[in-house]
Amino acid sequence: MAMKLNERGLLVVISGPSGVGKGTVRKALFDRENHNLEYSVSMTTRPPRIGETDGIDYFFVSKKQFEQRIKNEKLLEYAEFVGNYYGTPIDYVEERLDKGKEVVLEIEVQGAMQVRERMPDAVFIFIAPPSRQALRDRITKRATEPERIINKRMQKAEREFGMAHKYDYIVVNDTVENAADRIMAIIRAEHAKTERSIHKYMKILEVE
Ligand code: 5GP
């Protein structure tokens with residue numbers, strides 16, 4: 001009988017410039033029925049916004065706690081983003097992937113590049129704005145933040161535009177539902193990719 005291969009799950013990295021709507025697209029994806037995606041909740045030192053819940057939106061921690069995590073190598077990646085730390089707890093990701101689950105990260109670009117180094121098998125999706133103006137509008141309309149922060153986010157987003165070529169896929173966020181559809185299609189296609197599916201096919205051949 002064919003040996004049972006340990007099938008690791010697929011890691012999907014959703015990334016892109018600040019203010020492009022990654023978070024909204026990710027939420028729309030998880031609101032859908034009939035998916036097996038699992039969201040990796042990030043850790044951050046930024047204070048919660050109104051309506052955010054610890055353990056659901058983020059794990060909100062102090063700078064000291066975050067730096068301890070870095071020291072103990074408990075983060076798959078992390079980045080400093082407009083004055084705060086953001087990072088992906090590694091244990092959850094490893095445990096779910098080992099169980100064959102599909103794990104989604106929604107992170108900014110520096111972190112995505114670190115994941116690319118450590119887990120080149122992951123799928124990297126760049127969420128792009130339909131236009132530069134659309135991005136500017138989104139960032140300036142984010143009323144919860146002072147102007148100084150908004151300006152910093154805009155400058156950062158401009159620089160991040162140029163990083164799209166480092167990703168496997170570019171998804172334009174023209175509408176949230178379109179973007180979510182495209183991501184679902186990418187995940188489906190990734191599963192059918194020869195290098196990911198050939199061993200399953202070989203098993204079928206062995207049995208017959
Ligand atoms: P926000 O403060 O708006 O929730 O997030 C700011 C940025 O941090 C967003 O671009 C978001 O995608 C990114 N982000 C959230 N979690 C992580 C993480 O774990 N690692 C990295 N590198 N970026 C993250």
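**Helices and ligand**

Modeller: Helix 1 and helix 7 are roughly perpendicular to each other, a label for angles of 65 to 115 degrees, while under 35 counts as roughly parallel, over 145 as roughly antiparallel and the rest as oblique. Helices here are DSSP runs of H or I with at least four residues, strands are runs of E with at least two, and both are numbered from the N terminus.

Colleague: What should I know about the model itself?

Modeller: This is a predicted model, in which local features need pLDDT of at least 70 and side-chain atom pairs count only at pLDDT 80 or more, whereas totals for chains, interfaces and linings use all residues. Residues are numbered from 1 along each chain as its sequence is written, and side-chain values use heavy atoms, with hydrogens and water left out.

Colleague: At roughly what angle do the axes of helix 1 and helix 7 cross?

Modeller: The axes of helix 1 (residues 22-31) and helix 7 (residues 176-192) cross at roughly 65 degrees and come within 9 Å; axes are lines fitted to C-alpha atoms over the stretch in contact, and angles run from 0 to 180 degrees between N-to-C directions.

Colleague: And how do helix 5 and helix 6 cross?

Modeller: Helix 5 (residues 132-141) and helix 6 (residues 147-161) have axes that come within 10 Å and cross at roughly 155 degrees, which makes helix 5 roughly antiparallel to helix 6.

Colleague: Switching to the ligand, which residues come nearest?

Modeller: Of the 17 residues around the ligand, where a heavy atom within 4 Å is the criterion, those that come nearest are Ser 42, Arg 46, Tyr 58, Tyr 86 and Glu 108.
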